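Subject: Structure for you to look at

Hello,

Here is the structure I said I would pass on. Please open it and keep it beside this message while you read.

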Amino acid sequence: MQYSVTYTVLFAAGVCLVCSLVVATTAVTLKDRQIENALLDKQRKVLIVAGLMGEKERLLEEEIQARFEASVEPVIIDLKTGAVNAEATRSAASFDQQKALLDPARSFAAPENRAGVSRLPHQALVYLVKEGGMIEKYILPIEGKGLWSTLYGFIALASDTNRIEGITFHEHAETPGLGGEVDNPNWKAKWPGRLAFGPPDQPETWGKPRIRVIKGLAGPVESAPYSVDGLAGATITSNGVSYLLDLWLGENGFGPYLEKQRQAGAGAVRE
């Protein structure tokens with residue numbers, strides 16, 4: 001049986017229309033679930049970098065949420081002043097820093113930086129890990145350019161705002177086996193105990209990011225507190241990690257907030 005050209009075109013258009021409706025309906029129906037999954041994954045990453053969940057540990061959604069709510073408090077800060085924004089913090093659970101960066105009213109042009117970040121948010125999200133009413137760790141979101149992609153992750157600082165407790169990258173498109181090794185647990189295990197800033201008794205370096213991913217082997221924490229092993233064959237990605245930490249730990253990133261914490265006595269709960 002042969003069909004006319006008109007029939008074939010109309011049939012194909014009908015199939016396309018039905019498929020489009022199915023895809024659109026599915027996307028709308030699952031949108032809330034996708035948002036929930038994204039939030040759950042972020043909570044999981046925060047727990048891991050905070051040392052509250054093992055890298056290979058598998059927990060149910062309810063367990064992740066319960067563990068997160070028991071120990072982690074998200075707060076919104078004004079990036080330039082470092083002050084906690086109490087009003088914005090009330091809706092911290094739904095705060096999307098990436099959306100803020102895309103909104104000219106909620107972000108500003110970043111000063112020149114080697115991390116490749118073009119805009120910074122007026123308000124930023126910080127996760128406080130608490131125990132017994134005291135802040136034990138600060139979890140800061142970080143991002144910057146690698147070789148092929150933007151790396152998005154978190155760095156955990158101890159209550160002294162200097163000792164690094166962990167680092168993780170939850171989104172990137174770096175080359176597997178090279179720059180993609182930022183995901184390797186063995187490499188991430190080299191970070192805890194390193195120091196983000198220079199010695200407190202040296203004003204010229206204190207408060208300025210000093211941690212670096214170097215080329216080659218850095219050695220143990222005791223002999224190289226400010227250096228981390230480079231990623232073999234991935235110099236650009238390694239440099240990218242150093243550059244993004246320079247930005248987000250510095251005066252144009254979370255520097256003002258961390259300085260306020262030091263002045264107030266880091267580790268104490270503050271409003």
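Predicted model: local features only at pLDDT ≥ 70, side-chain atom pairs only at ≥ 80, totals over all residues.

Helix H2 covers residues 61–71, and Ile64, Phe68 and Ser71 in it are buried. These three lie on the same side of H2, because they cover an arc of only 90 degrees around the axis. An α-helix has 3.6 residues a turn, so residues three or four places apart point the same way. Glu62, Glu69 and Ala70, on the other side of H2, are exposed.

Next, the strands. Strand E1 (residues 72–78) has five of its seven residues buried. E1 pairs with strand E4 (residues 123–131) in the antiparallel sense, over seven bridges. In this pairing, Pro74 stands opposite Tyr127 of E4.

Five aromatic pairs turn up in a search of the whole structure. In one of them, Phe68 and Tyr127 have ring centres 6.0 Å apart and planes at 80 degrees, so the pair is edge-to-face. Phe68 is in helix H2 and Tyr127 in strand E4, so this pair ties together parts 59 residues apart in sequence. Phe68 is buried at 6% relative accessible area, and Tyr127 is buried at 5%. Together with Phe154, Phe68 and Tyr127 form one aromatic cluster.

Leu147 sits in the loop between strands E5 (134–145) and E6 (150–158). Its relative accessibility is 39%, so Leu147 counts as partly exposed.

Regards

Notes: Residues numbered from 1 in each chain as written. Heavy atoms only, no water. Buried < 20%, exposed > 50% of the residue type's maximum accessible area, 1.4 Å probe, protein only. Helix = DSSP H or I, 4+ residues; strand = E, 2+ residues; numbered from the N terminus. Pairing = 2+ DSSP bridges. Arc of directions from axis to C-beta. Phe/Tyr/Trp six-rings, centres within 6.5 Å; stacked < 30°, edge-to-face > 60°.
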